[in-house]
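Take a look at the model below before reading on.

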Amino acid sequence: MKKYLTVSLVYALAAMAGGVFYREFTKFSGFVGETALGKVHPHLFLLGMMMFLLVALFTAHGDLTQHRSFRIFLVTYNLGVPLTAIMLLVRGVTQVTGVALSTGASAAISGIAGIGHILTGIGLVLLLLTLRKAARA
């Protein structure tokens, strides 16, 4: 349980850093409007911190690590969420700075962000399957 609380704390700190960066970077740049930077903070708080607080609660009532699907969830999910957040950060910085991206570069950012979302989704499904298995046991 302590391991998942630590992971939750790391995501919380990353979320706070993302929020501060968003506020200060847009203010420094004089940017007003919507940007992907504003989505980094809530993604990391909800998908990172909150998810691992829930995982910690579930592991307090049973050993989820005995299930292979849980171990795969940990790897897949912890690749997907940071990858998504990093791509939101990249997209947001280019929006704020006004960098004109080529069609290929823009598609690459969207594609990598999509992969992050897919990995996150697969991780969620694996967690739910694990919880279902654990409830049967």
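## Salt bridges

A salt bridge here is a side-chain nitrogen of Lys or Arg within 4 Å of a carboxyl oxygen of Asp or Glu. By this rule the count comes to three salt bridges. The model is predicted.

Start with Glu24. Its partner Arg23 comes within reach, with the closest N and O atoms 2.9 Å apart. Glu24 also forms a salt bridge with Lys27, where the closest N and O atoms are 3.6 Å apart. Glu24 and Lys27 both lie in helix 1, three residues apart, about one turn of the helix. Lys27 has 57%, so it counts as exposed.

Another salt bridge joins the side chains of Glu34 and Lys39, at 3.9 Å from N to O. Glu34 is exposed, with a relative accessible area of 71%. Lys39 is partly exposed, at 39%.

## Aromatic rings

The structure holds seven aromatic pairs. One of them is Phe70 with Phe73, a tilted pair: 5.6 Å centre to centre, with 35° between the planes. Both residues lie in helix 3, three residues apart, about one turn of the helix.

Phe70 and Phe73 belong to one aromatic cluster, together with Tyr4, Tyr11, Phe52 and Tyr77.

## A positive patch

Positive charge gathers on the surface in a patch of Arg68, Arg71, Arg132, Lys133 and Arg136. Helix 3 (68–97) and helix 4 (103–136) each supply at least two of its residues. Which helix gives the most to the positive patch? Helix 4 does, with three residues.

Lys133 lies in helix 4. Its relative accessibility is 37%, so Lys133 counts as partly exposed.

## A nonpolar patch

The surface also carries a nonpolar patch of about 440 Å². Met1, Leu5, Leu46, Met50 and Leu53 make it. Helix 2 (residues 40–60) gives the most to this patch, with three residues.

Leu5 lies in helix 1 (residues 2–29). Leu5 is partly exposed, because its relative accessible area is 37%.

Notes: Residues numbered from 1 in each chain as written. Predicted model: local features only at pLDDT ≥ 70, side-chain atom pairs only at ≥ 80, totals over all residues. Heavy atoms only, no water. Patch = residues over 30% accessible without salt bridge, like charges linked within 9 Å, V, L, I, M, F, W, Y side chains within 5 Å. Areas by Shrake-Rupley, 256 points an atom, 1.4 Å probe, with all protein chains shown as cover. Lys, Arg positive; Asp, Glu negative; His and termini not counted. Charge placed at Lys NZ, Arg CZ, Asp CG, Glu CD. Helix = DSSP H or I, 4+ residues; strand = E, 2+ residues; numbered from the N terminus. Buried < 20%, exposed > 50% of the residue type's maximum accessible area, 1.4 Å probe, protein only. Phe/Tyr/Trp six-rings, centres within 6.5 Å; stacked < 30°, edge-to-face > 60°.
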